[in-house]
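Biologist: I have the fold open here. Can you walk me through it, starting with the strands?

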Amino acid sequence: MPRVLVFALDGCSYSVFNHLKNLSPFFKEIADNFRHGEMTTVAPATTAIGWPAFYTGKNPGKTGNFRREQGSGLLSAFSKSRNGVDGDSLWDILTKEGMKSVVFNMPITYPATELSGVLVSSFDSGSNWIYPEHFKEDVAKIWTPQESPPESRGEFFTYWWNRIEAEYKVASAILKGGEWDLGIITFLALDRMQHKLMNSDDPLNAMMVIEIYKKIARACKELWDEHKDAEVVIVTDHGMRSTNAGFYLNSYFWKMGWLKIPPLGEKMLNNYRKTECSLVNTVFENSTVWSPGLGSIVLEDQSLRKEIILFLKEYIDPLYDRPVFDDVLPREEVWSGKYLNQMPDLLAMPAPGYEVHWTLITTSLMAMNTYTDHSLRNGLYAVSGLSPEEKPAHVLDIAPTILNILGVKVPSDFDRRGLK
Ligand SMILES: [Zn+2]
């Protein structure tokens, strides 16, 4: 049975891949010889929702990682821990089949849980970031997951450049160090570089982003060369795009009198401006409508549903004279599964060029961008070993495709059955 080597490229955009495919030998090989194309991710497009959908083969309505906290009635925008993702991962499934996995740097895998193989988890890492424990010392010599990057552009670039190098070294050592059927190697740099540098006309920013794409492509190619017998899969959690302006959902709800804020001193308002999370947990006791983030809307009063949908769908950006939202969808049109009735009631999908915020940073509804939250639902996927053609796919196609290649039965509760 073939082995599968997965390159998980956080924030890799299909459009950028398309521009670069003749500049990078690895990308050229994908374009010529792999099944590949534009890959839609689950909504809302963000790292903490996209990766669990990939590794469980299920949408958030089944995994429960985007729902109201039980008991409190509040809603976290998403779960940042593996404990908040219900259901088996690909490596849990393989462990039960007596097969081995190497999982490196994948978001929302903390705390690292027992598996047959090795798991090194990504950010939000505390003490349990690696399984089995005895790998810790070796890995820690080249890998420090808690380190945070410097602010200035040049140093930020150098940090991520060096980090790709370190990620490659750890991944290479673990993959060479033991047997595995499934290897998943994640590179986070594209997400971070594009968040920081994409919203700018400065050509140096674009060059830095392109150099990071090419460096990651070289690292993937080297890892593949070290394990030429493996089939290769590329998957992303979401793509990225630049945006011009943001819409403040909670400012709208506040102006309408639906979102209640305790009597505010200027000091308190400043605190809300600083941290989006504090808003989620302190404000909403007597509110009938609020957004806990990522375009999601919670309705305590269902009679407001129509009015809100209509207002947002018809809202025209006064600066650019364009609609701000592509659509505002009820939850049952976005997700499915046993957690559906604990999920946000509506999801507002911003049009190209717009992002949607949940801070109360401004009393006006729109502002030029202040925060680069410009994730896009379209990323890149690629699979060797299937007929080479360009064809769109969905992130939920990828896990069953991997199981099909490994000869493992796709569980009945997966959303999809795999690419043919
Ligand atoms: Zn991401």
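Biologist: How many bridges join strand β2 to β18, and which way do they run?
Modeller: Two bridges join strand β2 (residues 35–40) to β18, and the strands run parallel. Strands pair if DSSP finds at least two bridges between them. M39 stands opposite A393 in β18. Strands here are DSSP runs of E, at least two residues, and helices are runs of H or I, at least four residues, both numbered from the N terminus.

Biologist: What does β7 pair with?
Modeller: Strand β1 (residues 4–9) pairs with β7 in the parallel sense, over five bridges. V6 stands opposite V233 there. Strand β17 (residues 378–383) pairs with β7 in the antiparallel sense, over two bridges. In β17, V383 is the bridge partner of V233.

Biologist: Is β7 mostly covered or uncovered?
Modeller: Mostly covered: four of the five residues in β7 (residues 231–235) are buried. Buried means 20 or more other C-beta atoms within 10 Å of the residue's own, exposed means 12 or fewer, and partly exposed is in between; C-beta atoms are placed from the backbone.

Biologist: Now α14. Why call it largely enclosed?
Modeller: Helix α14 (residues 398–406) has seven of its nine residues buried, so the rest of the structure largely encloses it. The buried ones are I398, A399, P400, T401, I402, L403 and I405.

Biologist: What covers them?
Modeller: The cover includes β1, α3 (47–56), α5 (90–96), β6 (182–187), β7 and β17. After α14 comes G407, with a positive phi near 75°.

Biologist: Helix packing next. How do α7 and α9 sit?
Modeller: The axes of α7 (residues 153–177) and α9 come within 10 Å and cross at roughly 10°. That makes α7 roughly parallel to α9. Axes are lines fitted to C-alpha atoms, for helices over the stretch in contact, and angles run from 0 to 180 degrees between N-to-C directions. Under 35 degrees counts as roughly parallel, over 145 as roughly antiparallel, 65 to 115 as roughly perpendicular, and the rest as oblique.

Biologist: Which residues meet?
Modeller: From α7, the list includes F157, W160, W161 and I164. They face a set in α9 that includes M208, I212 and I216. Contact means C-beta atoms, placed from the backbone, within 7 Å. The residues of this α7 contact with α9 divide into twelve nonpolar, one polar and two charged. Nonpolar covers Ala, Val, Leu, Ile, Met, Phe, Trp, Tyr, Cys and Pro; Asp, Glu, Lys and Arg are charged; the others, Gly among them, are polar.

Biologist: And α2 against α9, what angle?
Modeller: Helix α2 (residues 25–33) and helix α9 (residues 203–225) have axes that cross at roughly 70° and come within 8 Å. That makes α2 roughly perpendicular to α9. P25, F26 and F27 in α2 meet A217, R218, C220 and K221 in α9.

Biologist: What about the three-strand sheet, what order?
Modeller: β14-β9-β15, open, with mixed pairing. Its edge strands are β14 (354–357) and β15 (366–368). The twist averages 30° from one strand to the next. Strand β9 (residues 245–248) pairs with β15 in the antiparallel sense over three bridges, and G246 stands opposite A367.

Biologist: Last topic, confidence. What is the mean pLDDT?
Modeller: The mean is 87, and 87% of the residues reach 70 or more. pLDDT is the predictor's confidence in each residue, from 0 to 100.

Biologist: Where does it stay under 50?
Modeller: Residues 70–75 are one such stretch, with twelve contacts beyond four places in sequence in the model. Over residues 274–281 the pLDDT is also below 50. Where pLDDT is low, the predicted coordinates should not be read in detail.

Key:
Residues numbered from 1 in each chain as written. Predicted model: local features only at pLDDT ≥ 70, side-chain atom pairs only at ≥ 80, totals over all residues. Contact = placed C-beta atoms within 7 Å.
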